[in-house]
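Please consult the sequence and structure shown here.

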Amino acid sequence: RSYLPALITLRLKRRFAIPFIFDKRGFWIEERVEGKIWNPSNPVLAAVIRYFKRKERDFFIQSDAVVSLTHSAIEALLQGKVIKANVEELKRLKEKTYVIPCAADQELFSFVSTEQRKSAKEKSGIPKDDPVFVYLGSLGTWYMLKEILETYSSLREVLPNLWLVIFT
């Protein structure tokens with residue numbers, strides 16, 4: 001998954017003629033720049049960014065399949081907004097690209113019952129009548145932890161017994 005494992009996997013594909021699936025998830029280089037992890041004005045990081053942009057093209061073009069989380073990311077790729085590619089390369093990319101959307105299948109996962117919720121609260125030491133503010137997802141860089149905590153703090157002014165539970 002992602003760019004760093006792809007460096008190794010592409011070499012394995014070339015050496016042993018094995019299939020390579022590029023599971024990109026997001027546009028890693030842009031995410032690192034936007035998340036202020038990589039500063040393009042730093043000469044060393046600018047070189048790292050250029051290196052990975054070259055490798056990114058290899059990953060897309062030489063992979064046997066590409067996995068994305070959204071259709072819009074694939075559209076950006078196929079419109080030439082991500083890598084430079086000729087018409088044949090773009091056609092092949094379209095044929096080998098698959099979207100795995102991020103969402104819960106509500107047919108497969110049902111909501112918990114009131115009894116299950118009360119039991120979970122009891123096991124966690126949360127009084128059964130206290131409200132709970134839940135954050136479910138990743139934390140770090142661009143996931144707005146500060147804003148989540150500010151929201152929780154504001155809600156506590158109105159709901160003083162509010163609990164914050166973070167699942168990550």
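Leaving aside its neighbours within four places in sequence, with which residues is Phe60 in contact? Phe60 is in contact (heavy atoms within 4.5 Å) with Tyr3, Phe22, Lys24, Phe27, Val66, Leu77, Val82, Ile83, Leu93 and Lys96. This is a predicted model, in which local features need pLDDT of at least 70 and side-chain atom pairs count only at pLDDT 80 or more, while totals for chains, interfaces and linings use all residues. Residues are numbered from 1 along each chain as its sequence is written, and side-chain values use heavy atoms, with hydrogens and water left out.

**Overall fold**
- Seven helices (DSSP H or I, at least four residues) and five strands (E, at least two) make up the elements of the protein.
- The radius of gyration, taken over C-alpha atoms, is 22 Å, well over the 15 Å from the globule rule (2.2 Å times the number of residues to the power 0.38) for 168 residues, so the protein is more spread out than a compact globule.
- Contacts between residues 24 or more positions apart form 65% of those with a separation of 6 or more.

**Burial**
- Of the 168 residues, 28% count as buried, meaning under 20% relative accessible area with a 1.4 Å probe, protein chains only.

Note on methods
Buried < 20%, exposed > 50% of the residue type's maximum accessible area, 1.4 Å probe, protein only.
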